[in-house]
Amino acid sequence: MPEQTTQRPLIKDRQLAQDDWIRHDEESVPANTPALVRLDVWLSAEDRSSIAPWLPSDTELDGDTVAALKEAPLIAVDFPKFTDGRGYSLARVLRERHGYTGEIRAVGDVLIDQLFWMSRCGINAFSLREDQIVEDALNSLNIFSRHYQVSVDNPEPMFLRRQREAREAAKAEVALA
């Protein structure tokens, strides 16, 4: 299979971005272009300066793989179909358990309906399916203003937030009196 260039819209850090990376599914490393390559190809590459791994949704993270992934300029997590939610868990494990701070990009069957929930799991870049409307996708990232559940993007539970806000409001009232 030849290199795949993409016209897929990319949202990174909640704004439209230029995608300089191509997805390359072959067992070789492409020359002179930033490429997302299979995890096994990335792990065996001598020079990883212009490549980044894409992880299938069923990837099992062992200690050696996690240690290597910390060097990756970005990690692409594949969503092979809309109904496959394993990539959510993979992203959350990378962020929370393994402390990965770089770009985690959702690739594959990425739809607007998923973006808000993906972002709560630590995904900060989205390679949208070609038929998705970018403006709607950007708006979907802000669809909810409050969250009851803890997540990567907000680890404080709602009841603690409410208690903190009530204390702050009480202090503000005392200061005005």
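**Figure 1. Contacts of Leu128 in the predicted model.** Beyond the neighbours within four places in sequence, Leu128 is in contact with Arg8, Pro9, Ile11, Val110, Leu115, Val134 and Ala137. The model shown here and in the other views is predicted.

**Figure 2. The largest nonpolar core and a separate one.** The largest nonpolar core has 34 residues. Those touching the most other members are Trp42, Ile75, Leu115, Met118, Ile123, Phe126 and Leu128. With four residues, helix α3 (residues 86-97) gives the most to this core. Another core, of seven residues, lies apart from the largest one; Trp21, Leu36, Ala52 and Leu74 are among its members. In soluble globular proteins, nonpolar side chains tend to be buried together.

**Figure 3. The second largest pocket.** The space in the second largest pocket is about 150 Å³. Its lining includes Asp13, Arg14, Arg95 and Asp153. Ser119, Gly122 and Asn124 also line the second largest pocket, as do Ile123, Phe126, Leu141 and Val152. Sorted by class, the lining residues are four nonpolar, three polar and four charged. Two of the lining residues, Ile123 and Phe126, are also listed with the members of the largest nonpolar core that touch the most others.

**Figure 4. The aromatic pair of Phe116 and Trp117.** Four aromatic pairs are present in the structure. One of them joins Phe116 and Trp117 in an edge-to-face arrangement, at 4.8 Å centre to centre and with 85 degrees between the planes. Phe116 has a relative accessibility of 5% and counts as buried, because buried means under 20% relative accessible area. Trp117, at 41% relative accessibility, counts as partly exposed.

**Figure 5. The aromatic pair of Trp117 and Phe144.** The ring centres of Trp117 and Phe144 are 5.7 Å apart and the planes stand at 45 degrees, so this pair is tilted. Trp117 belongs to helix α4 (residues 112-120), while Phe144 sits in the loop between α5 (134-140) and α6 (158-176). The pair therefore ties together parts that are 27 residues apart in sequence. Phe144 has a relative accessible area of 43% and is partly exposed.

**Figure 6. The aromatic cluster.** Phe116, Trp117 and Phe144 form one aromatic cluster.

Technical notes
Residues are numbered from 1 along each chain as its sequence is written. This is a predicted model: local features need pLDDT of at least 70, side-chain atom pairs count only at pLDDT 80 or more; totals for chains, interfaces and linings use all residues. Side-chain values use heavy atoms; hydrogens and water are left out. A nonpolar core is a set of buried Ala, Val, Leu, Ile, Met, Phe, Trp, Tyr and Cys residues joined through side-chain atoms within 4.5 Å. Buried means under 20% relative accessible area, exposed over 50%, partly exposed in between (1.4 Å probe, protein chains only). Helices (H or I, at least four residues) and strands (E, at least two) are DSSP runs, numbered from the N terminus. Contact means heavy atoms within 4.5 Å. On a 1 Å grid over the protein atoms alone, a cavity is a set of points where a 1.4 Å probe fits but cannot get out, and a pocket is an open set with protein on both sides within 12 Å along at least five of seven lines; lining residues have an atom within 4 Å of a point. Grid points are joined across faces, edges and corners, and a volume is the space filled by probe spheres set on the points. Ala, Val, Leu, Ile, Met, Phe, Trp, Tyr, Cys and Pro count as nonpolar, Asp, Glu, Lys and Arg as charged, and the others, Gly among them, as polar. Rings of Phe, Tyr and Trp (its six-membered ring) pair if their centres lie within 6.5 Å; planes under 30 degrees apart count as stacked, over 60 as edge-to-face and the rest as tilted.
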